[in-house]
Amino acid sequence: MNPLGTQQQPRLLTPQQAAAVPGPVPQVDRERIYQWINELTSPDTRENALLELSKKREVVPDLAPMLWHSFGTIAALLQEIVNIYPAINPPNLTASQSNRVCNALALLQCVASHPETRSAFLQAHIPLFLYPFLHTVSKTRPFEYLRLTSLGVIGALVKTDEQEVINFLLNTEIIPLCLRIMESGSELSKTVATFILQKILLDETGLAYICQTYERFSHVAMILGKMVLHLSKEPSARLLKHVVRCYLRLSDNARAREALRQCLPDQLKDSTFAACLKDDNSTKRWLSQLQVNLEAPSVPDPRGIPPLHPGPQ
């Protein structure tokens, strides 16, 4: 029986059997990889194995299926995550604990990124194990690193532009979690969280979900507005790029477009960010297109759907 209870239950293999997938592994001793995967299942050898495998994940193209199909490996990685829960509330996570669990998260990101394991990863609901980390608010470096690495796993999922990923995430609390980090996280965490929101919005189902009610849209618009105000004081071209893309995508929805005509920050209408975007032609084009979209004449929704506004929908 698969310890994760996934709907698809492949035959569990030894690391050597799981690694018998064709494909060259440059400059890596495969026997060492098998050994480290075996060592993940023992608490005495797990910490070093986590470190070594996390270093090799970029150069072993079939590491994800090796991890997924090796007996006890995913359970061991989840155990690493669950073991940290007591350290996040009350918040007393140490740098050593953070580094160790982030090595486990890096291996889960590897599994989330791989086309052969991504679907099973979602069916096992493994991303939900990371959400307690995204709920944390401590500003210490161990917690920032933990949040950023957890966001990286979700970011690896949405980067694939797969409908299955968006459908899964929309049935979880990922949007409010990202919005909170977008409001109060470090610049790097804000950037990854905004990227995740952007990818959800770029999906038709995601855009419709966020624009379905005033409450959802207004929460997103409020946080984006706060970010623009903050960016006008502390510019970041990388973060601004994702914020502008979110606004542009919202303007593709007729109801959201009508609402944005009233609430788009003035800083996106004037030359506030001209210097910041001096060398970023793509973001400048998005910003120009956003302004064009909002200046276009208002057209009533042919389906008779009312505009976004407070009150019962």
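How closely do the axes of helix α11 and helix α14 come, and at what angle do they cross? The axes of α11 (residues 174–184) and α14 (residues 214–233) come within 9 Å and cross at roughly 20 degrees; axes are lines fitted to C-alpha atoms over the stretch in contact, with angles from 0 to 180 degrees between N-to-C directions. This is a predicted model, in which local features need pLDDT of at least 70 and side-chain atom pairs count only at pLDDT 80 or more, while totals for chains, interfaces and linings use all residues. Residues are numbered from 1 along each chain as its sequence is written, and side-chain values use heavy atoms, with hydrogens and water left out.

**Overall architecture**
- The chain has 17 helices and zero strands (DSSP runs of H or I, at least four residues, and of E, at least two, numbered from the N terminus).
- Of the 313 residues, 51% are buried (under 20% relative accessible area, 1.4 Å probe, protein chains only).
- Among contacts (heavy atoms within 4.5 Å) with a separation of 6 or more, 73% join residues 24 or more positions apart.

**The α11–α14 pair**
- These helices are therefore roughly parallel to each other, the class for angles under 35 degrees.
- The contact involves Leu179, Met182 and Glu183 of α11, together with His219, Val220, Ile223, Leu224, Lys226 and Met227 of α14.

**Helix α6**
- Helix α6 (residues 95–113) has 19 residues and reaches 26 Å from its first C-alpha to its last, close to the expected 27 Å (1.5 Å times one less than the number of residues).
- Its buried residues include Val101, Leu105, Leu108 and Val111.
- The cover over the buried residues of α6 includes α3 (46–56), α5 (73–88) and α9 (141–158).

Terms used: Buried < 20%, exposed > 50% of the residue type's maximum accessible area, 1.4 Å probe, protein only. Parallel < 35°, antiparallel > 145°, perpendicular 65-115°, else oblique.
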